[in-house]
Amino acid sequence: MSASTIRALTGNREVPTQTCPRLSARWLVHAALIVAGVLYVYPFLWVLAGSFKTQGEFFRSGLSLLPKQLNLDNYVYAWEAGQFSTYFTNTVVLAVSVTALVILFASMAGYVLSKTNVSGKKIILGGMVALMFLPGGYTIIPIFDLVQRLGLLDSLVGVIVVQTAGALIFNTLLFMGYFSTISKEIEEAALIDGANLPTTYARVMLPMASPMVATVGLFQFMQNWNAFWIPLVFTIGNPSLRTLAVGMYAFVGENSTGWTYICAGAIMSILPIMALFFFLQRYFIEAVAGAVKS
Amino acid sequence: MVSLVLLFVVYPLIASINITLYDWNGIGVPTRFVGLQNFIKVAQDQWFWNAFRNTFVYTFVLVPIQLALALMLALVLNNPRLKGSTVYRAVYFSPVVTSAALVGVVMSLLLSSMGSEISGPLMRAGLISAPVDVLGSPAFALPAVIAVGIWHTLGYNLVYFLAALQSIPKEMYEAAMVDGANAWHRFLEITIPMLREVGAVILFLAVLGSLQIFDLVLVMTGGGPYYASEVVSTYIYRFAFTPASVAAESNVGYASAAAFFMGVLVMTLTLGQLLAVRYLQQRKKA
């Protein structure tokens, strides 16, 4: 008897005995995943329900997920009196500017570094890798001092500059890796056609790197939408510059009893990024998975 | 790009050393040179060591639990015959896209609401005398923050592990099944060794991220009650960025010394881990 027949025989013997338990086991797995999944997003659902409840209902209803009616007063209060309209604008400005700046600078630097003939490339790369592993949070005090002396304290520009600088190294390395995989012939063809380096970058190479632009863009947008530490520290003196995350934190301190307002504020902070996540889910997850691979 | 990096990444590193040598409240130019006094004061402050211990407790409780859960979930979701695994993946990933600050606020609300909900029956049954206040109790505050931390960033590790699992060649499992290896053996003999390298990177990122924990603690407990959940970053924040009018203890030089000490320590750990990862990679090649 050959090995393949043994395989076929044992394989055949296994199938009938295992189909039944496997089928019910599969339903069990689904049941467990669904229950755990609902529990997993329960905090969000609870806050969503809470944002429609009245103050009294909120305290009476405890952990229930169903508001009695869709009461929008909390949203109106948070948006107007709670300053969330300002926080929202600030967050959009911060997230969009940092994302654009990081894509621009990191792709330009990454493009140049991907060329093999740059002088001092090894030194620059070595320095970048070394810096990437420095713990970021612990240099906040000198950064604060620097921004203060540059006169950028209590301005969104200060927050944008610091956030951009902090993200450059990692993303430059990502772009460098991507550009070095693009075939050199296309680039050479562009150069032969008389395009100079900036034109080649802007017209040929950057469009070809669009998957990386999407990855970096999505990740940066998410990170800056959610940024807390830097915006918190750099807007301490000026509440009108708070972002949603910082505003939420401050709002809790100022409205420690207005729980339904806090829920409405939370939903307004989550909704845009969650919507983006659900529409671009695959890219989000690929962006994250790609980060660990490289 | 280079100037931005030099200005906001490299310069602060050097400047922070300078600031640590002054007694400075953060306003104007530091003038009172105190040498290494700040470092000595940090080393002698029991609350620094308390924050230090909490940071490591946070990291070394959170990381193993989170990675184990993420790996288990990844193994379940990696099954190609499991329908809807992308939907599950999205659900378990979703907390990741929200900010730690917001998660902290939401969870504090939920915990206090849950506290009053659970406390009622327990009080009537005579089991407890006062309502449970999880975040207000020195014993439960840090564990609660850890639990929320596990929940919040589990999705990252889930996606990392899924990507790693998908890179294992299917033929290896098929060959092992032919050889009669059961699921447990396949896990031990194929999955674990094949994950070792990426696993080291995942562990590395998880430890590095956890040692820098700030947002969740600040929002959920502010480091309280009685500093029971204070971590090094909130300790630094308390000294450096609490306005002098609120706290007389505000001292930027002192906070810098604490930050510098912690920064060097984290960097040493990082280098150690990097070497370990590199060692694993080289051993694999050999």
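Where does H8(B) bend by about 55°? The bend falls at Arg196(B). A bend here is the angle between axes fitted to the seven residues ending at a residue and the seven starting there. Helices are DSSP runs (H or I, at least four residues), numbered from the N terminus.

This is a predicted model, where local features need pLDDT of at least 70, side-chain atom pairs count only at pLDDT 80 or more, and totals for chains, interfaces and linings use all residues. Residues are numbered from 1 along each chain as its sequence is written, while chains are lettered from A and ligands numbered from 1 in the order in which they are written.

Stay with H8(B). Its 29 residues have end C-alpha atoms only 35 Å apart. A straight helix would reach 42 Å, taking 1.5 Å times one less than the number of residues. Val198(B), Ile202(B), Ala206(B), Ser210(B) and Leu211(B) are buried in this helix. Buried means that 20 or more other C-beta atoms, placed from the backbone, lie within 10 Å of a residue's own; exposed means 12 or fewer, and partly exposed is in between.

Now turn to the two chains together. In chain B, 61 residues are in contact with 57 residues of chain A. Contact requires C-beta atoms, placed from the backbone, within 7 Å. H1(B) gives the most to chain B's side, with 12 residues. That side has 48 nonpolar residues, 10 polar and three charged.

Finally, look at chain A. Ser24(A) sits in helix H1 (residues 3-50). Ser24(A) counts as exposed because it has 9 C-beta neighbours inside 10 Å. From Ser24(A) to Leu131(A) is 107 residues in sequence and 52 Å in space, C-alpha to C-alpha.

Definitions and conventions
Contact = placed C-beta atoms within 7 Å. Helix = DSSP H or I, 4+ residues; strand = E, 2+ residues; numbered from the N terminus. Nonpolar A, V, L, I, M, F, W, Y, C, P; charged D, E, K, R; others polar.
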